[in-house]
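Here is a friendly briefing to read alongside the model. Please keep the structure open as you go through it.

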Amino acid sequence: MSAMTATAVEPFELRRDDGDLAAGAGALGRWLKRVPLETVLTKANRVAVRKGAAGTRAFGTMNPKPVDWYCFDAADNEVTDWYPQGLTCSSDAGLARNAFVVSWYFKPQSAPERGIRLSFLDPATLRYRHVLLVVADTAGGISPINIHAGGVAWYGDLLYVADTERGMRVFDTRQIFEVNGDGTTTIGRRGGVYTAFGYRYVMPQTGAWSRTGEARFSFAAVDRSTTPGTLVSGEYVETRHEAGRVARWAFDQDGSLRADDAGVARAVDAYLLPEPKIQGALSCNGTWYLSQGAGSTRNGALLVAGETVARRPYPSGPEDLTCVRDRNTLWSVTEFAGRRAVFGVPL
């Protein structure tokens, strides 16, 4: 028996919708130098704080506190234009290299739209760097992506970023490019010089999976305890009068979703969420872990759904979920300014 109630999978259908995205990334490669992910990590230009005070503020009344946590630098902790949302890690990807990836969305206070970005964090060195996510056209032009980016999942070389109303956007960690201009307020190419709001690296979208039904895509995770591994996504709902759901799709060996000859990927299962305000969901070995928010002034909760639903202490503003399997820990990220941390608790 499980506390998660099965529901219809039909609304959770995704159709491959790559269009010219791969061609655009290829065109960008004719203008800019491609760099490996290892370069992004080794040349990271920001320094995180292990067990910093911002995390302590986010944890509030949480007892016991997380077993470990990493805080962003002062500027990223306090900024009110950018908000962290999604979280994944190299354990999801199946890589030996230890790294976390955080997705942020831009909520402009005064500046024009700047889209979404990923932070690649090396916990061994405590260094991290932001990479701007873009769409590249077939002429090599680039533009920002204006979505919420509420979840990110890493499997093999591919990163899946949740697009609430559309499905999943796909990015390839082998397709990262170094910008050759320094402009901080512009994006695009002028002559042979690119700018990207001051970011040194950009990652163009290489694929997409678009929804065919009414399902929403609020967060994302990876379950490696299934065979094959599965992509997890689900729906944030505000009140108990709505029915939030979560679903899983099978991965192929190359990291893409398993689809039929028509390019349609159908969820292998789907479940009703037991409570509202779920910001992230992860399944592992038959147990579901659900990150529940409670606003900016109260602690959230971690719901653990096995045969029953247990409630564990959690910080304020908890978001997406990931799992570091060799440490047997569950990780999330908090979103509110002044109280931002990537933190882990025992599974």
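This is a predicted model: local features need pLDDT of at least 70, side-chain atom pairs count only at pLDDT 80 or more; totals for chains, interfaces and linings use all residues.

Residues are numbered from 1 along each chain as its sequence is written, and side-chain values use heavy atoms, leaving out hydrogens and water. Helices (H or I, at least four residues) and strands (E, at least two) are DSSP runs numbered from the N terminus.

- Strand 5 pairs with strand 6 (residues 68-71) in the antiparallel sense over two bridges, and V49 has C71 in strand 6 as its bridge partner.
- Another open sheet of five strands runs in the order 1-23-21-20-19, again with antiparallel pairing; strand 1 (5-6) and strand 19 (219-223) are its edge strands, each pairing on one side only.
- Strand 19 and strand 20 (residues 230-234) run antiparallel and are joined by five bridges, with A220 standing opposite S233 in strand 20.

**Nonpolar cores**

- The largest nonpolar core has 32 residues, and M4, V246, W288, L290, Y314 and L330 have the most contacts inside it. Such a core is a set of buried Ala, Val, Leu, Ile, Met, Phe, Trp, Tyr and Cys residues joined through side-chain atoms within 4.5 Å.
- Among the elements giving two or more residues to this core are helix 3 (53-59), strand 6, strand 19 and strand 28; strand 26 gives the most, with five residues.
- Apart from this core lies another, of 29 residues, among them A48, W82, W104 and V134.
- W288 touches residues including M4, V232, V246, Y271 and L303, not counting residues up to four places away in sequence; contact means heavy atoms within 4.5 Å.

**Salt bridges**

- The whole structure holds 24 salt bridges, each a side-chain nitrogen of Lys or Arg within 4 Å of a carboxyl oxygen of Asp or Glu.
- D73 and R46 meet in a salt bridge through their side chains (3.5 Å, N to O). D73 lies in the loop between strand 6 and helix 4 (74-78) and R46 in strand 4 (residues 46-47), so the pair ties together parts 27 residues apart in sequence.
- D122 and R97 form a salt bridge too (2.9 Å, N to O). D122 counts as buried at 5% relative accessibility, while R97 is partly exposed at 27%; buried means under 20% relative accessible area, exposed over 50%, partly exposed in between (1.4 Å probe, protein chains only).
- E165 and R211 form a salt bridge, their closest N and O atoms being 3.4 Å apart. E165 is in the loop between strand 13 (158-163) and strand 14 (167-172) and R211 in strand 18 (residues 201-211), 46 residues apart.
- Salt bridges that share partners join R46, D73, D76 and R117 into one network.

**A buried serine**

- S91 sits in helix 5 (residues 90-93) and is buried, with a relative accessible area of 16%.
- S91 touches R224, C323, V324 and R325, not counting residues up to four places away in sequence.
- S91 and R325 are 234 residues apart in sequence and 6.3 Å apart in space, C-alpha to C-alpha.

Technical notes. Two strands pair if DSSP finds at least two bridges between them.
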